[in-house]
Amino acid sequence: MLLVLNALKYLAYILIFPGFLFSFLVGMLLTGIDRKIVARMQKRVGPPILQPFYDFFKLLGKETIVPDAANRRVFLLAPLVGLAGITVLQLFIPVFHFHVFDNVADVIVILYLLLIPALAEILGAAASGSPYAGVGLSREMVTILAVELPLLLVLLAVAKTVGSAMGRGLVFSLSTIVGYQELHGSLITKLSMIPAAVAFLLIIPGETGSHPFDTAEAETEICEGMMAEYSGAPLGVYKLTHAMKIFTVVSLFVALFLGGIGAGIQNLVAAIGLSGAFAGALSLLLQILVLVLLSIVLTIVCISFVHAITARLRIEQVFKYYWTIVTCFALVSLVMAWYGL
Amino acid sequence: MFKKLIEESTGKSPWLFHINAGSCNGCDIELVAVLTPRYDAERLGFKLAGSPRQADIVVVTGPITAQSLPRVLRTIEQVPEPRCIVTMGSCPQSGNVFRGSYSICGPLSKYVHVDVDVAGCTPKPEAVIDGLALATKILQQKRREMK
Amino acid sequence: MDLPFIKEAISQLFSKPSTAMYPAVPSEAAENYRGRIVFHPDKCINCMMCERVCSGNAISHTVEKTDEGDKVTRTFYLGSCTFCATCMDFCGHGAIEFTRDYHMIATKEEDLMVSGTFIKKPPVRKAPPAKPAAPAASAKEPAAVTCETIAAEEGKAAAPAAMIAPRDDGKPVQVPARCVYCTLCAKKCPAGALTVDRAAKTWTLDEDLCVGCGTCAEACTKKAILMPGDEPVANVPAPKPAPKAAPAAAPAAPAPKAEEKPAEEPKAEEKPVEAPKAEEKPAEALQPRDDGKPVQDPSKCVYCTICAKKCPAGALTVDRAAKTWTLDEDLCVGCGTCAESCPKKAILI
Amino acid sequence: MSFLSYQHFPIFTIMLYFLGAFLIVVFGKAKALRHAVAFLCTAGPLALLISLIGRVMVHGEIISYWMGNRTPVGDYAIGIALEVDALSLFFGLLVATAVFVACLYSFRYMERDHNVPQYYTLYLMLAGGVMGLVLSGDLFNMFIMVEILTFAAVALTAFRNKVTGALEAAFKYLVVGSIGSTCILAGTIILYAQARTLNLAQLAAVIPGNFGVSTKLAFALLFIGFCTKAFIVPFHPLAADAHGAAPASVSVLISGVLTKSGIYGIIRLVFFLFQTMNLGTMQFWLVFLGSVSMFVCVTMALAQHDFKRLLAFHSISQIGYVLTAVGLATGLGISAGLYHAMNHTLFKGLLFLAAGAVLHETGTTDLGKLGGLAKKMPHTAALFLIGAASISGIPPFNGFASKWLIYQATYQKAAETGNIGFALVTVIALVTSTLTLASFVKVTQSVFFGQMPEECKNAKEVPFGMRFAMGILALLCILTGLFPGLVTRYLTEPAAKAAFAAGNYINAMMGQGYAERIMGAAAPGAPAVSFASSGVWSPLSWLLLLMIALLAICVVALSGKYDKVSVRSSKEVEKKYQLFYGGETQSFSQVGGGDLFWGFKHNWRHYFSFMHDLHSGIVNDYSLWAVVALALAIVYALIVL
């Protein structure tokens, strides 16, 4: 009986709370807010906040065309694998105090798990056989190459800071990092972590492929790049994966650098004097709310704002930008973390 | 699965694909002007799609020149099913001043069923928005009739 | 990497968007915006000027004979209109008006057709008074009035309306009473044989240049030029619309003297006109060629070189003197412009 | 000792190979007989070694076998000995598996070639040579085995002499290979002169501590000798030529097995004979060589236009990983290195077999001329994808488990020693892993997806025999990826402990107490190392979650008629199902091979042009590098040791 209960609990985790449904809603919300804010920055009214939902359900209604040149099975399966990958990844990122699994994956593994949705898209593009998709695929791979280096440096810096502070050499497990932050305040308050946080903020648009770095799916130059041959439901699934990826990357930033807020909520709830299960539920609810708000603020700052003020870069500029400017930020923070600042 | 929701959102997020069949670019810049802050078609859900596979409404401008005819027909054919075809400006409807020239292949309606004609030699952006709104209703109707 | 728009982006975020919420807020077109056409049939006199000047040839009309006159319906096809309003400018009577309504969206073709019908009453037939000055035409016939005044101005003896007979040597002859000196014939004449001076009201024909193609006669809306083979006409202003075949109510009296007649043209000119006709073999029905290229009917051709000039591809060479018509097979695109432009319909395609 | 007791298994494994080689020469004419002999002579050793796992790995027993029962007399080892400790068995297992699978593959793969019997003889000679090298406990015996395997490998590289460049590649391999072998021979002679013994255990007891000038020279010579065998950086170009030309099953051996024998030699040398692993400079030297070969070879691989040359460069970059991990000389480091060596043999074998399948069907491995093969060869494509995913370290597969361990090891080493250099190595390791992913995306797009050119139209699925061999390797890739805990506890950790436990290696050979008596210092103990302690990653539960999520999504999709895509209703909508070409008719245009990753290549164009000039392909350049490397090693050895 316990096994069944346990299985149901995990199923609920996967499908409902931090898994599919939750990140589906928040992801779409973030995309809607992103498009609205970008529009408002261009002095125009912009689409309604629920526009991504409409887009998604309209695409579900559209007919799916599989071109002859495409490899039919891979063409249809790739989006689903991408979606499954991003859903599972969301489980490993703790919401402040609440984490579903704490001994399944650590920070470096999450770095690799972030690759799976991008690879699913690349596989889908390759399977479609269109030359536009081929060019898009090559650009997406170069973007991944560009983003990987600074992202790793940031993670190493965080691991080193938390590791030396806790005296265990280095700590890669995300839940321990969040636990540490709850005791000693958010990492962003430490001097050595500020360049790392800035670097991570600069990485978010690159990782999610949003505006200045969306050379991979530049609709003007290479007709939607990798999505050139997708229509109907598979395209909807890819758009959904993009939306959920934004939420995942942003909540990773919150977990890595703003973990201390969870403790603040805890003692806030304690201050109200509630206790027992009710307090736990309330604090969980508050934490979710704070996470969503923080995600919205972060999306506005580092995706929408950057989207409104920049023009799309060429692919080798994207690569050069990430391997010089952003890597310097991350290196500075790694060196500072290393020599005990 | 949630068929009504799909129908409703088909009406709310029509994506455009613009085909220039030899136009003098008067209508092309007017179509783009519809997406500028002044008229902002995006608040109604319109968005320019990069490839016909992701389009719902196909906007054709220009008198269908002999050179562009096969390409226009092929691109329209590649748009997935609930689709509308809108001709913008007088040229695709009748060939306008170019009618009778040996290199013009006549009105688009000779080859494809045109859903909405937006007349005017460069119709005003408001007229284009009206035309597209009408096309969206027809799109929704087509979606309702689909299997 | 300079980012120029940071300040604007932030400030615009908090300011009101500059979008005109169109469907909710109706927006009016500019002051004299040329939108949908409104046709006032009552003002129209069916002078067809608008049709001729319309670049998109969007205007067409149908005439229907009824007892109290011609029932004319004129339709403006907005789908082919460039809204340049040239027709409005040319329409002397303000029958065409461009409103500010820009809603020209249609799902069916008919919605874009603006049309109006009116009855065009024939001119009132009063007994022809001796004085030409009598206002024979109703207000609607400006042409006739001008003709009267011209005759009065010249102060020529108001000879009784003389008959004008076409010349026998294939050259055009002018009916001064009908001519309004609009210089259309001079412009149309391919050979440039005609010079018409509007101010001086003179119509001179250069005999040796003229090839007798008849384009001027055709072009003349007033039918003031007669070609060989037409009936002699009274030198009196033609009643509107006075199609050529209209029974000439005025008594026929040839009075060629009103024309200035240049010196007798050389005899030779005439002879060759006849000569080719004689040589031409009995013209059996000429078959158009199957590969879409034009073929010439020597019997009809007058070698006026119009087809050579009109041919976009320059495939035709016509030698007026040697009376030869050669077609360059590969240059010719088979567009048929030569067949259309040939006044004598001597080319089959 | 009864004839069939486990003591004799090591000698049986080696002899079986050579016996097979001899038998095939005798009755090689009949195909069935030849295949039976080859099958038996490759399956036998594998079975024998697997039976030894329980004894050697779990109980930690070390089997020593004196040829002709000439046990040591008064502390002097006279006879030739075979010694199988956990480390040797680990490498032996690798060799046996790769040889067995490649042999299965070559039954059908070599059908179209002529004089196939000679192929099998050379093949079994090569296998025997490597197995002998790995299991022998005698330094000179190792040299002989190195000679055998080098010459067999050279002959096999030139086996398809019609292939352009095969002879030239074989010649290059022969020249540089013989430079390496002569270095090993010279080193052995010097060591023998000083210690008057050739037995590894006795040498390991006598040599460390009293380094004479000649011993340092011997170390440099032996080190460079084994580096040439492992194709480390200065010697890597000849590996690319050798793989490019050799038949696929042979390149599986060259890249999967020969390089491991080089690494095995280095480990024996550094951890046993000279026990210099704890020297800071030694660790720096190994890690530096490892990371340089990692990065150089992966960037060279990215610029390749030929499928097999690309795989060859990748195998050297993976060897760079192994060397870096081993060079750390920490418990986790060695375990991660060995784990990656095993994984490398598996997925590199799979990739080479897939390359062989492509060559078998289309007759070319040029990335520019291939495309869209997934439609004609779905199984090969699926197996290739498993191999590509595991080499580029995608989570559920084995590549990720070992690379992740390597990152942990290098970064932990950085944390312990406090010098940031090792953190830099982690960064290089990860960037190399992403570049590997990039180059395999390039291969996937140029060979298996995209549009199919005319030449590949009549390619069809490879015969079942070849697919079965690839299937075994793919299954192993997945299993070793999903159960890292098991693999590390039973295979890599005992081997890592054995690498550090030089003491009981010596005692097992020379009798108890010998090591303490001779070396005086306490035999270096084995540091505690375990997979769980190193970090948090359980692939099985992650895969379980992924499967549940995927299942849920597929159920939802199928209920929404996701796969009932608009099938072609009637012929005349032909245009609808063509690719979107901006309205043009769909013509052949494959985006693959050279035109991918312009952004990266453009940024690194100076580096690539420099690399282009460096890899000139001329033998004297490579031998010059070999000699220069030798000189550097000698200088290093004389100064630092």
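This is a predicted model: local features need pLDDT of at least 70, side-chain atom pairs count only at pLDDT 80 or more; totals for chains, interfaces and linings use all residues.
**A walk through the chains**

Residues are numbered from 1 along each chain as its sequence is written, and chains are lettered from A and ligands numbered from 1 in the order in which they are written.

Chain A contains 14 helices and zero strands, where helices (H or I, at least four residues) and strands (E, at least two) are DSSP runs numbered from the N terminus. With a radius of gyration of 20 Å, close to the 20 Å given by the globule rule for 341 residues, chain A is as compact as a globular protein of that length. That radius is taken over C-alpha atoms, and the rule is 2.2 Å times the number of residues to the power 0.38. Along the principal axes, the C-alpha atoms of chain A fill a box of roughly 60 × 50 × 45 Å. Of the contacts in chain A between residues at least 6 apart in sequence, 81% join residues at least 24 apart; a contact here means that two C-beta atoms, placed from the backbone, lie within 7 Å.

Now follow helix α7 (residues 131–166) of chain A. Its 36 residues reach 52 Å from first C-alpha to last, close to the 52 Å expected at 1.5 Å a residue, the expected span being 1.5 Å times one less than the number of residues. Along the way, α7(A) has a kink of about 25 degrees at A:E148, shortly before the proline A:P150; the bend is the angle between axes fitted to the seven residues ending at a residue and the seven starting there. Because 33 of its 36 residues are buried, α7(A) is largely enclosed by the rest of the structure. Just after this helix, A:G167 adopts a positive phi of about 70 degrees.

Five pairs of chains touch, and the pair with the most contacts is A and D. That contact draws 70 residues from chain A and 64 from chain D. The side of chain D that touches chain A has 39 nonpolar, 21 polar and four charged residues, with Ala, Val, Leu, Ile, Met, Phe, Trp, Tyr, Cys and Pro counted as nonpolar, Asp, Glu, Lys and Arg as charged, and the others, Gly among them, as polar. Chains C and D, by contrast, share no contact, and their closest C-alpha atoms lie 18 Å apart.

Finally, look at the sheet that runs from chain B into chain C. Its six strands form an open sheet with mixed pairing, in the order β2(B)-β1(B)-β3(B)-β4(B)-β5(B)-β5(C); two strands pair if DSSP finds at least two bridges between them. Strands β2 (47–48) of chain B and β5 (105–106) of chain C stand at the edges with a single partner each, so one side of each lacks a neighbour in the sheet. Where the chains meet, β5 (residues 116–118) of chain B and β5(C) pair in the antiparallel sense over two bridges, with B:D117 opposite C:A106. Within chain B, β3 (residues 57–61) and β4(B) pair in the parallel sense over five bridges.

Conventions:
A residue is buried if 20 or more other C-beta atoms lie within 10 Å of its own, exposed if 12 or fewer, and partly exposed in between; C-beta atoms are placed from the backbone.
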